[in-house]
Amino acid sequence: MCELFGYSTENEYEINEYLKAFFKHSPKNPNGWGLACMDGNEAIIEKEPIQATKSNYLKERLKQPVRSKNVFGHIRFATIGHEEYSNCHPLSAKDKSGRRWTVIHNGTIFDFEPLSKYIKAQEGTTDSERVLLYMIDKINRTEIEGKKLSGRERFEIIECLIGNMAKGNKLNFMIFDGEYMYVHTNYKNSLYYLEKEGGVLFSTEPLTKEKWHNVPFTRLLAYKNGKLVFTGENHGHEYIDSEENMRFIFQNFAEL
């Protein structure tokens, strides 16, 4: 499966050692890597459709300090979508109000009909990009006549979408909307967090011997400057692997 890394903090700290530990997992996830440093509606995204540990660019990049209040990292195991740049995470797009949304996803959408309308609109071929476009479309439709949504209102919209989408689908993801970092997992023991120096780190697997904790399960969380500000209700849609879903994944992987 893909692996996720996230960082939210009030004060910038260099996090290269955590990123180096994270990207070392790429032999299990060889289909691409990505890194995003985000500040407001600006996002510097660097990515390649190759295994992270084989990337000379990433090796040189991590020799330079990575310091930002909001950081995403991703290593990709392709289940839907070919091994190409447009399918590497992070994925990013702006809504009509100019707010930038950046997403990383670990999971598969097996069945959610509302996403099908975005197949022709997307640049790549992943279900993750369709999720991003779906969320932005919902935000755009809600912000009618220039009305700006509050942080709480945006959270409630995303929470509702995720609650509906999580049924039968694997939805481990992180999203940054320029202000809040949204975090969600519905697959047991597949996302952890570490509170450190006024910030919080997230990873699919613990990266150090420090005291990492399981991210609260089957509910949406939102962080701002390293602090938890919104906690959603438990939607109850735990994802559990099934023979049918595994056949779907293997069939798609064989066609890549």
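How many salt bridges does the count come to? I take a salt bridge as a side-chain nitrogen of Lys or Arg within 4 Å of a carboxyl oxygen of Asp or Glu, and by this rule I get 14.

Ground rules: I'm on a predicted model, where local features need pLDDT of at least 70, side-chain atom pairs count only at pLDDT 80 or more, and totals for chains, interfaces and linings use all residues. Residues are numbered from 1 along each chain as its sequence is written, and side-chain values use heavy atoms, with hydrogens and water left out.

Entry one. I looked up Glu3 and Lys28, whose side chains form a salt bridge at 3.9 Å, N to O. Glu3 is in strand 1 (residues 3-9), while Lys28 is in the loop between helix 1 (16-23) and strand 2 (33-39), 25 residues apart. Helices (H or I, at least four residues) and strands (E, at least two) are DSSP runs, numbered from the N terminus. Glu3 is buried at 2% relative accessibility; Lys28 is partly exposed at 48%. My cut-offs: buried is under 20% relative accessible area, exposed over 50%, partly exposed in between (1.4 Å probe, protein chains only).

Entry two. I found Arg154 and Asp177 paired at 2.7 Å, N to O. Arg154 belongs to helix 4 (residues 151-165), and Asp177 to the loop between strand 7 (172-176) and strand 8 (181-184). Arg154 is buried at 3%, and Asp177 is buried at 2%.

Lys224 bridges to Glu179, with the closest N and O atoms 2.9 Å apart. I place Lys224 in strand 12 (residues 221-224), 45 residues from Glu179. Salt bridges that share partners join Arg154, Asp177, Glu179 and Lys224 into one network.
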